[in-house]
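Biologist: I would like to learn how to read the features of a model like this one, step by step.

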Amino acid sequence: MADDSIAVVDLERCQPDRCNYECKNYCPPNRTGKECITLRGEETDEGQPDQVRISEEICLGESCGICVEKCPFDAIEIINLPQELQDDPAHRYGENAFSLYGLPAPQEGKVTGILGPNGIGKTTAVRILAGELEPNLGRHEEPPAWDDVLEAYRGTELQDYIADVRDGNVTVARKPQYVDQIPEQFDGNTRQLLESTDERGALEEIAERLSLGPVMDQSIEDLSGGELQRVALAATLVRDTDFYFLDEITPYLDIGQRVTAARLIRELAEEENRSMLVVEHDLAILDLVADTLHVAYGEPGAYGVITPPKSVRNGINEYLAGYLDNENMRIRQDRIEFEEHAPRTATRGDVLVDYPDLTKSYGDGEFTLEVEGGQIRENEVLGIVGPNGIGKSTFANLLTGNLEPDEGNADLDLDISYKPQYVTIDQHMRVDAFLSSITDQFGSSYWNTEIAQPLQLERIMEQNLSDLSGGERQRVAIAACLSDSADLYLLDEPSAHLDVEQRVQATSAIRRYAEQQDATVMVIDHDIYTIDLLADRLMVFDGEPAVRGRASPPQSMRAGMNEFLANLEVTFRRDDRTSRPRINKPDSQLDKEQKSEGEYYYAP
């Protein structure tokens with residue numbers, strides 16, 4: 001195989017007990033007596049003895065690809081690497097395993113961002129920079145000495161940093177990606193967790209900024225996803241370290257909490273000369289928080305490339321365009337596009353249902369939601385926005401019948417397909433068996449094209465539900481919701497744990513389903529990009545989180561977003577190149593102008 005190609009075997013998908021080694025038997029070099037595809041054997045360090053390995057020296061490369069086509073479980077990839085990759089990888093996990101090319105360069109007193117799809121090596125890069133993983137420069141069989149690693153980075157922005165990592169002179173605080181795993185690792189309340197990490201005496205100030213006062217004495221296991229996210233961020237930022245690695249700061253946070261977190265991170269970088277590296281999929285927040293941006297691209301699970309730093313605006317725009325200018329590299333065939341005009345015009349379909357005024361209280365002195373009656377129209381996508389703890393999920397559960405209102409009648413005589421906010425899976429069955437139990441359309445041409453492909457389900461169909469990652473569970477849950485036969489499809493936070501491309505593809509799948517099936521969809525989400533791409537009209541919740549909430553009737557996108565963003569004192573503009581939503585800098589001239597005109601969601 002040429003030096004610019006790699007062979008990857010997904011050991012989780014390779015199932016020799018269920019195949020006849022078609023890859024090995026049909027391999028052209030094997031059929032001429034060469035040992036290109038062989039069994040790993042009893043002495044293997046990775047995988048099982050009866051799983052296969054591929055010799056990259058003998059393999060004919062992507063031009064052959066017979067083993068890829070013959071493998072019944074899609075466990076093999078033969079990939080031609082971009083010709084622009086002249087250097088050795090920073091790290092390769094092993095034979096026929098994932099390779100990472102390039103590393104981000106943390107800068108003192110700056111916020112460095114990384115943008116790229118899931119499974120592309122962002123977390124691997126963070127582990128290397130955190131000193132948790134020694135880079136092997138692709139030499140997984142005989143890892144190089146640290147002096148050789150340092151020599152490889154001599155003359156680069158990373159030279160001094162790598163030397164400090166080698167010498168143990170770098171201290172690191174790292175916020176994990178999946179905060180829902182924290183209760184499994186810590187037994188105690190919020191105060192105990194935060195006090196155990198407070199090395200700077202900054203706990204009181206940061207807890208106040210992140211509005212953690214009401215949960216300080218609550219058990220960690222009783223916290224919601226949004227509360228866990230803010231606790232994890234606080235536990236990281238109160239540490240006294242050289243570098244802070246923040247892996248996804250926005251899941252489960254509402255837009256106000258996201259902006260607050262972004263501003264806090266920027267202040268710590270600027271005022272205390274702290275160095276931050278943020279991995280994030282919310283482009284509006286990434287745009288707000290980062291000083292420079294590294295774009296990550298490649299083939300998820302096979303190889304990833306992290307570019308040199310770019311300006312944040314250019315990096316995001318190039319990523320959306322699918323073409324990296326300096327690298328002369330096309331990373332995606334299709335552009336991710338936003339509508340150039342003002343928010344989408346509301347649909348004028350017939351009324352699907354009139355819902356009445358509703359009230360739901362959780363008890364004396366507990367949270368109370370008041371819903372003003374309104375109309376849901378046929379063939380529309382209705383967006384629902386508002387802060388956390390304001391009653392959006394309560395409203396969803398009133399509609400589905402999971403909760404009974406104290407006042408009003410929520411029996412709408414509708415079949416509702418519901419994807420809840422938190423996707424928990426305790427069924428021990430395969431993805432394909434689960435989805436086929438929901439719809440007779442499973443596996444049909446339409447279902448594959450409109451649901452399975454955009455939600456990237458093909459490669460996880462034979463996995464067990466309990467083994468899926470957070471993003472994979474989310475995509476299966478969206479597919480399950482859309483696959484059911486219903487009058488109304490209600491999805492609560494479908495963007496959580498999805499990367500940018502997955503969010504756009506999921507959004508497109510939801511939108512197309514509504515249009516092609518004449519379906520009515522309600523979507524609760526905090527990602528402004530998702531709402532911007534998806535919704536015809538908007539329903540706004542406001543009030544005092546965890547105390548009282550009020551839901552206004554559905555209204556136009558412009559009116560709804562102006563009402564919602566005015567409560568947060570946040571204004572958005574459109575990027576003049578891509579039309580993507582961008583948050584205005586607080587108190588900037590454009591921010592002041594839009595606020596004075598009452599146009600928080602793009603000036604018309």
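Biologist: At what angle do the axes of helix α16 and α18 cross?

Modeller: Before I answer, note that this is a predicted model, in which local features need pLDDT of at least 70 and side-chain atom pairs count only at pLDDT 80 or more, while totals for chains, interfaces and linings use all residues. Residues are numbered from 1 along each chain as its sequence is written, and side-chain values use heavy atoms, with hydrogens and water left out. Helices (H or I, at least four residues) and strands (E, at least two) are DSSP runs numbered from the N terminus, and axes are lines fitted to C-alpha atoms, for helices over the stretch in contact, with angles from 0 to 180 degrees between N-to-C directions. Here the axes of α16 (residues 445-452) and α18 come within 9 Å and cross at roughly 135°.

Biologist: Which residues make the contact of α16 and α18?

Modeller: Contact means heavy atoms within 4.5 Å; Tyr 446, Thr 449 and Glu 450 of α16 meet Ala 509, Arg 512, Tyr 513 and Gln 516 of α18.

Biologist: How is a pair of aromatic rings described?

Modeller: By the distance of the centres and the angle of the planes. Rings of Phe, Tyr and Trp (its six-membered ring) pair if their centres lie within 6.5 Å, and planes under 30 degrees apart count as stacked, over 60 as edge-to-face and the rest as tilted. A search of the whole structure finds eight aromatic pairs; in one of them, Tyr 489 and Tyr 513 are edge-to-face, 5.2 Å centre to centre with 80° between the planes. Tyr 489 lies in strand β22 (residues 488-492) and Tyr 513 in helix α18 (residues 500-516), 24 residues apart.

Biologist: Is Tyr 489 buried or exposed?

Modeller: Buried means under 20% relative accessible area, exposed over 50%, and partly exposed in between (1.4 Å probe, protein chains only). Tyr 489, at 3%, is therefore buried, and Tyr 513, at 10% relative accessibility, also counts as buried.
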